[in-house]
Amino acid sequence: MMNDILEQVVEDYFRSKGYFTQHNVKYRPNKVGPQYTVYSDVDVVGVHPKKRGRERVVVVNCKSWQVGLNIDKTLKTLDKNPNKKIAGKEQWKKFREISNKVWAEALKKKIFNITGQKSFKFYLAVTKYKGNKDSWEKFPLFKKNLIGCDIEVIDIKAMLLDTYKSIGRTPLHSELGRLLQLIKASGGKIEYIEKNKKSKN
């Protein structure tokens, strides 16, 4: 089992959909310079034997921040001041594989080397997000760097509910799927209840 629980949830989620997965795939640009000496890694890569097109390969970067992703604020910083340090790290480096052309090219080359496919679907998996995810998925910088690929934001809630909805009685092979099956078998269910906003008196 991996140390990062979100990575485990992501891997189990895509396995439940028929993908063969590999995690922590390391890559770096074939360039000279101190900014290229350290490897980066993509958290989960999945290949589906029956799908075609961009859905055949999924590439997932996981951000298990408890505060989640603030889409509008993050995109504004990436657009106006990508070198701004947040929590001690330049903002662009947190999303280097989609925000930086050199790193995006290195990622695409690595994915082609291990899957034989140039186009894929890139997921940013988060605990939760605030804002319009369509803005992230169509952000011009990301689309320019990952030409020919689709981009999607997915959160734990969507993965859990989607998996729970589709499970039957045939034992699943993933830990996530098996856990959800046992919850369902025990009479339990997965349900998200929106927090009520406190009314002002």
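Let's start at T77. Setting aside neighbours within four places in sequence, T77 is in contact with P82, K84, I86 and Q91. Contact here means heavy atoms within 4.5 Å. T77 sits in helix 2, residues 71-80. Helices are DSSP runs of H or I with at least four residues, strands are runs of E with at least two, and both are numbered from the N terminus. T77 is buried, at a relative accessible area of 11%. On the cut-offs: buried is under 20% relative accessible area, exposed is over 50%, and partly exposed is in between, with a 1.4 Å probe and protein chains only.

Some ground rules. This is a predicted model, where local features need pLDDT of at least 70, side-chain atom pairs count only at pLDDT 80 or more, and totals for chains, interfaces and linings use all residues. Residues are numbered from 1 along each chain as its sequence is written, and side-chain values use heavy atoms, with hydrogens and water left out.

Now helix 1, residues 5-16. Which of its residues are buried? The list is L6, E7, Q8, V9, V10, E11, D12, Y13 and F14. That is 9 of the 12 residues, so helix 1 is largely enclosed by the rest of the structure. Note that E7, E11 and D12 are among the buried ones.

Check the geometry. The expected span of a helix is 1.5 Å times one less than its number of residues. For the 12 residues of helix 1 that gives 16 Å, and the end C-alpha atoms are 16 Å apart, which agrees.

Look at the two ends. At the start of helix 1, a side-chain oxygen of D4 comes within 2.8 Å of the backbone nitrogen of L6. A polar contact is a pair of N or O atoms within 3.5 Å; within protein, one must be able to donate a hydrogen and the other to accept it, and residues adjacent in sequence count only if both atoms are side-chain atoms. After helix 1 comes G18, with a positive phi near 95°.

Next, the packing. Helix 1 meets helix 8, residues 156-166: their axes come within 10 Å and cross at roughly 35°. Axes are lines fitted to C-alpha atoms, for helices over the stretch in contact, and angles run from 0 to 180 degrees between N-to-C directions. The crossing is left-handed. That means the near helix is turned anticlockwise from the far one by less than a right angle; clockwise would be right-handed. Who makes the contact? From helix 1, L6, V9, V10, Y13 and S16; from helix 8, I156, M159, D162 and T163. By class, that is 6 nonpolar, 2 polar and 1 charged. Nonpolar covers Ala, Val, Leu, Ile, Met, Phe, Trp, Tyr, Cys and Pro; charged covers Asp, Glu, Lys and Arg; the others, Gly among them, are polar.

On to helix 5, residues 101-115. Its 15 residues should span 21 Å, and the end C-alpha atoms are 21 Å apart, which agrees. The start has a side-chain oxygen of N100 within 3.0 Å of the backbone nitrogen of V102. G116 follows helix 5, with a positive phi near 75°. Buried in helix 5 are W103, A104, A106, L107, K108, I111 and T115.

Most residues other than glycine have a negative phi. N24 is not a glycine, yet its phi is positive, about 55°. N24 is in strand 1. N24 is partly exposed, at 32%. A87 also has a positive phi, near 60°. A87 lies in the loop between strand 5 (85-86) and strand 6 (89-90). A87 is exposed, at 81%.

Back to strand 1, residues 20-27, which also holds H23. The side chains of H23 and N24 make a polar contact of 2.9 Å. H23 is partly exposed, at 33%.

Last stop: K121, in strand 7, residues 121-126. Is K121 buried or exposed? Buried, at 12% relative accessibility. The side chains of K121 and E55 make a polar contact of 3.4 Å. Beyond neighbours within four places in sequence, K121 is in contact with R54, E55, V57, V58, V59, D150 and E152.

One more pair. G53 and C149 are 96 residues apart in sequence, and 9.7 Å apart C-alpha to C-alpha. G53 is in the loop between strand 2 (40-47) and strand 3 (57-63). G53 is partly exposed, at 42%.
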